Amino acid sequence: MLTSADGIQIYANSAGRAPAHGIPTIVFIHGFLMCASVFDSIFRDEVWTRSACLVRYDARGQGRSGKPLNDTGWESKRFAEDFEAVVKAFGLHQPYVAGCHAATNITDILSFHPPAYLAGVIYISPLPYTGSLLNEVGSKATLACVPGLTKPISVPVFQSAVRRFVDLCSGSGRVFSFTMHQMCLGNAILQSVETSTQLLARTQDKTGLLRAGREGLLPLLFIYGTHDEVAVYGPALRAITGWTRLETRAMDAGHAPWMQQPGVFRETVLQWIDRVEGGGAAIPAT
């Protein structure tokens, strides 16, 4: 457990290579109602662990990390400070950040750090930032779950919303194993209604994020599944219009492409990092 600047405990762990010059470091940040365990398959994959230094953590309010009880604990700066605590604890320098689902933390990081703090950004089925964008990026089925997750009128309504949301993340092909499915349901119970509301309603300043992209200061890999039942990729991509060093990759998958297409996902990310390290990730691609 790590301690963030405001005293909140942040759970984190690592796998793979030790941080060193020439070894890419990737920090994985999970999404809404999840925890770092959703990346278990990556952290157990020998190709991944031979190729990079892998770090993951439970975002504040979720999983094993602390859950603030006051409004100041949900300020954008706090999420940036959590990332800082992870970087410091593991001795990281210019990591790549892979944010999946509603992992809007990347916007927080770039609100309080220059683009050079990171080596690159990897978006996976993303909601780039909070606010009204959720109403555009979220599918109709996802948006239908929100009232039951944030303002449930009864326990059965909350339970139904949680089950439905987790099923959407798993997809119609039921990508999640039984263990993963149960883990996600358990995380939802650990995460209070108040926490869910704070995570979806908190405010962010997207200026730093968009400046980093539009001025060519950070490369971005945007991965989405063509069968995603949670998010609609078009509005998410339009939300970062003007990002100059952008590559997009569509995968035959749902909301969790690293589970449904593990080999394709791994090679997509690692080959993109190779191009970035070689200075060749400025060419837009589809």
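## Arg 56

The side chains of Arg 56 and Asp 40 are joined by a polar contact of 2.8 Å. This is a predicted model. The Arg 56 side chain also reaches the backbone oxygen of Ala 36, at 3.1 Å. Arg 56 lies in strand 5, which covers residues 53-57.

Arg 56 has a relative accessibility of 10% and therefore counts as buried, the cut-off being under 20%. Residues up to four places away in sequence left aside, Arg 56 touches Tyr 11, Ala 12, Asn 13, Phe 28, Ala 36, Ser 37, Phe 39, Asp 40 and Phe 43.

## Nonpolar core

The largest nonpolar core has 91 residues. Ile 26, Ile 122 and Trp 258 are the residues with the most contacts inside this core. Helix 7, residues 155-170, gives the most to the core, contributing 7 residues.

For Ile 26, the contacts beyond four places in sequence are Trp 48, Ala 52, Cys 53, Leu 54, Val 55, Tyr 96, Ala 98, Ile 122, Val 269 and Ile 273. Among them is Ile 122, itself one of the residues with the most contacts inside the core. Cys 53, Leu 54 and Val 55 in the list of Ile 26 fall within the range of strand 5, residues 53-57.

## Ile 223

Ile 223 is placed in strand 8, residues 220-225. Its relative accessibility is 0%, so Ile 223 counts as buried. Neighbours within four places in sequence excluded, Ile 223 is in contact with Ile 122, Tyr 123, Ile 124, Ser 125, Pro 126, Arg 249, Met 251, Pro 257, Phe 265, Thr 268 and Val 269.

Ile 122 and Val 269 occur in this list and also among the contacts of Ile 26.

## Helix 4 and helix 10

Helix 4 (residues 105-112) packs with helix 10 (residues 207-214) at an angle of about 85°, and their axes are 7 Å apart. Because of this angle, helix 4 is roughly perpendicular to helix 10.

On the helix 4 side, Ile 106, Thr 107 and Leu 110 meet Gly 208, Leu 209 and Ala 212 of helix 10. The residues of this contact comprise 4 nonpolar, 2 polar and no charged.

Methods. Residues numbered from 1 in each chain as written. Predicted model: local features only at pLDDT ≥ 70, side-chain atom pairs only at ≥ 80, totals over all residues. Heavy atoms only, no water. Core = buried A, V, L, I, M, F, W, Y, C linked by side-chain atoms within 4.5 Å. Buried < 20%, exposed > 50% of the residue type's maximum accessible area, 1.4 Å probe, protein only. Helix = DSSP H or I, 4+ residues; strand = E, 2+ residues; numbered from the N terminus. Contact = heavy atoms within 4.5 Å. Axes fitted to C-alpha atoms, helices over the stretch in contact; angles between N-to-C directions. Parallel < 35°, antiparallel > 145°, perpendicular 65-115°, else oblique. Nonpolar A, V, L, I, M, F, W, Y, C, P; charged D, E, K, R; others polar. Polar contact = N/O pair within 3.5 Å; in protein donor to acceptor, adjacent residues only side chain to side chain.
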